[in-house]
Amino acid sequence: MSVPASERERAEVLRRSIEYHNDRYYRQDDPEIPDAEYDRLLRELQDLEARYPELRRADSPTQRVGAEPVSSFDEVEHRLPMLSLANAFDEQELRDFDRRVREALGIERVRYSAEPKLDGLAVSLLYQDGILTQAATRGDGHRGEDVTAQVRTIRDVPLRLRGSEGADGWPSLLEVRGEVFLTYARFEAINEHARRSGGKVFANPRNAAAGSLRQLDPSITAARGLSMFCYGLGAVEGASWSDSHSGSLVRIAHWGLPVSPEQRVVEGVEDCIGYHTAIGARRNQLDYAIDGVVFKVDRRPDQERLGFVARAPRWAIAYKFPAQEELTTVEAVEFQVGRTGALTPVARLAPVQVGGVTVSNATLHNMDEIERKDVRIGDTVYVRRAGDVIPEVIRALPERRPFGAEPVQLPAHCPVCHSDVLRAEGEAVARCTGGLFCPAQRKEAIKHFASRRAMDIEGLGDKLVSQLVDTGLVEDPADLYRLSLEQLTQLDRMGEKSAQNLLAALDTSRRTTLARFIYALGIREVGEATARALAEHFGDLDALMGAGAAELLAPAGIKGVGIKTAEALVSYLEGHPDESPEPSPGVSVQEALAEWLATRPIRGLKPDAARAIAERFERIERLRGISAAALAAGQASPIEGIGPVVAAHIRAFFSQPHNREVIAKLRDPEIGAIDWEAPSDTAMVEPGRASAPLNGKTVVITGSLSLPRDEIKRRLEAQGAKVTGSVSKNTDLLIAGADPGGKLSRAQDLGIEVVGEEALDDLLAG
Ligand SMILES: NC(=O)c1ccc[n+]([C@@H]2O[C@H](COP(=O)([O-])OP(=O)(O)OC[C@H]3O[C@@H](n4cnc5c(N)ncnc54)[C@H](O)[C@@H]3O)[C@@H](O)[C@H]2O)c1
Ligand SMILES: [Zn+2]
């Protein structure tokens, strides 16, 4: 029968394509297509060769195993070939296999060793006189790569066998074969590390295991944490051997070689199917990847009778699980808003079967990942659904990109609440900035608002927050203060007593500090310390809400400080970590810093510029650790802990009309929700101090004093005073040390009481 030209051509195309993918998979550990796709190509070629035997050539990929070893490793010639396995993709193919075996052996029921098919790479271990002398990869089945040094780093692999040589012990020459693999945990850790360091990210645990083993530097292999299970034997010399496969596994386990704990002996095809179903159901609970079950005729004499075909034994079959990786196309990309406002891009896919279920959505993680993988709308992509993990897009296949495929755009507004979306410089994740308002973030925002270190609303736990939000009683933190006894008692499991307690707790929470209130707003990157610094610097909420980038970051640059000078200064500070200005009486910290800077051998730093730097930074601690670029650009914030990213989050938060509405609601005198002008942090007022002279007073400190400012502040607060950072009409008292600066004149203008160092002792003593 003559072969039609089109079929001949197709066979040639398939052969070339399979060769290409073999190289990517076996030699580069970096497959371009999922296994399912590869298997379809191989099957198509097998079918063509079956239909037209003259198309079958000895060098066809259907006749060969793996790929030749790469030349950077020494070659090892296998004593017995390392073969592949025949596959069954469904129950019928398994039954066909069992029937062929029964017919060939002339028996009714066959005993099989059933073993999980580990998804790693095959390795041969050679023990001579009980010592590991050589380890090799499978390569093309005849010649593999010498990976002895690498395999020695695998903890599971004994360098020396337990027991002794001889009758009951190990043979003088023993070749054991098994699978080297990675646990999911190690695989994730390796990829996470690669992502952070810009290294190679592996498509799946199998490729990661192969890539980790096939490292010329064994210390890299050691760090990857590979595992191994042994599943069979190669050459054996110098001892009689077990006449069953399962028996030999028992023996090698006895000598300390790792064997899968899942291995069982089953009888007949029904039991095979039962085993496959059972382990398939547990597949997601195992901490390593398996892609099927291998059934091996257990009796060795039977194995010998069955023999081999070109690339696989006739006595074994791999019954595969549904593939966990597939190809499909991206129809659209949508963004979902998470509990904390993170926008997650989700690819809408042409539906495809992956891991036994239909997948039509897959996560793309974040914008960084989209950019790194260069996934576009219309692209053909590689999706994976492993275990219970949400399906994810692993990569795009740019060679299959249709003309005009659109890059993914980050939306400017939150798809849920329409607030602005912010992706701060250097951040992978983009976020909705409507934190106080966004329905997607409601529960988290209210939980945070109520938490102990924020508004400290006792009794308002996570469950109750969920209930309040789910019933629609509360949409934002301000609604909490409008709750009534009737509304609360209608809730599940809420008695009158607890309702009253909650209302009382809400009432108590109103007396708080500005710092706690700022923290409670839940602005991204604004933790307690930053909230405190902001409160201290701005003194009241309106000033903070109105603060532009300029006030938060003072980005105006510093006169006389160019990048060269900044570099010289930064390098001087780095070289002299222990040097700092000497404090001296009558000289302010700021002035001492200016003086000190001006007298250091820093190239290009003029006294005027030194003074300007001292004015901006005040203390040497704030200068340390800053980059030259930031210094020259004036990016250093006058507020501790505020960098460009934090500033961007603060600006974005307060510029959302929705957030401002909620804040206005919180301050609405009608409900008298928040009043931070009242006693400072009540928790910090010692009992019996309620009548102390400073209780409820707002105090500002300026200039240099004999005690550290933090300590003065702490002791004033302990007496019920509220210490703020700037003078306003609400200030009751200014404590002015030496060189007080602008705050003193402002206090004098406003007619505020001013005391000096001499009054400090009395004040602190109460
Ligand atoms: N995506 C691609 O481009 C690409 C390219 C080439 C091959 N592949 C994939 O590789 C696979 C074919 O490769 P193969 O011929 O190397 O082998 P295979 O994975 O189909 O089967 C043989 C191998 O199974 C392993 N194995 C695991 N547990 C075992 C056990 N208990 N007993 C015996 N062997 C066990 C051994 O390493 C053995 O070499 C297919 O799944 C194919 O899709 C993919
Ligand atoms: Zn939103």
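## A parallel pair of strands

In this predicted model, Ile 735 has Val 755 of strand E24 as its bridge partner. Strand E23, which spans residues 733–736, is joined to E24 by 4 bridges, and the two strands run parallel.

## The sheet and its helix

E23 and E24 belong to an open sheet of 4 strands, ordered E22-E21-E23-E24, with parallel pairing. At the edges lie strand E22 (722–724) and strand E24 (753–756), each of which pairs on one side only. On average, neighbouring strands of this sheet are turned by 30° against each other, direction ignored.

Helix H29, formed by residues 742–750, packs on this sheet. The helix touches strand E21 (698–702) as well as E23 and E24, and its direction makes about 145° with that of E23.

## The surroundings of ligand 1

Ligand 1 is surrounded by 24 residues, of which His 21, Tyr 25, Asp 35, Ser 84 and Ala 122 are the closest. Sorted by class, this shell contains 13 nonpolar, 4 polar and 7 charged residues.

Which elements supply at least two residues each of the shell around ligand 1? They are helix H1 (5–27), helix H2 (35–51), strand E3 (111–118) and strand E4 (121–128). The largest share, 4 residues, comes from H1. In terms of domains, both domain 1 (5–55) and domain 2 (77–320) contribute at least three residues each to the shell around ligand 1.

Notes:
Residues are numbered from 1 along each chain as its sequence is written. Chains are lettered from A and ligands numbered from 1 in the order in which they are written. This is a predicted model: local features need pLDDT of at least 70, side-chain atom pairs count only at pLDDT 80 or more; totals for chains, interfaces and linings use all residues. A residue is near a molecule or strand if its C-beta atom, placed from the backbone, lies within 6 Å of it. Ala, Val, Leu, Ile, Met, Phe, Trp, Tyr, Cys and Pro count as nonpolar, Asp, Glu, Lys and Arg as charged, and the others, Gly among them, as polar. Domain bounds come from an automatic or database domain assignment. Two strands pair if DSSP finds at least two bridges between them. Axes are lines fitted to C-alpha atoms, for helices over the stretch in contact, and angles run from 0 to 180 degrees between N-to-C directions. Two residues are in contact if their C-beta atoms, placed from the backbone, lie within 7 Å.
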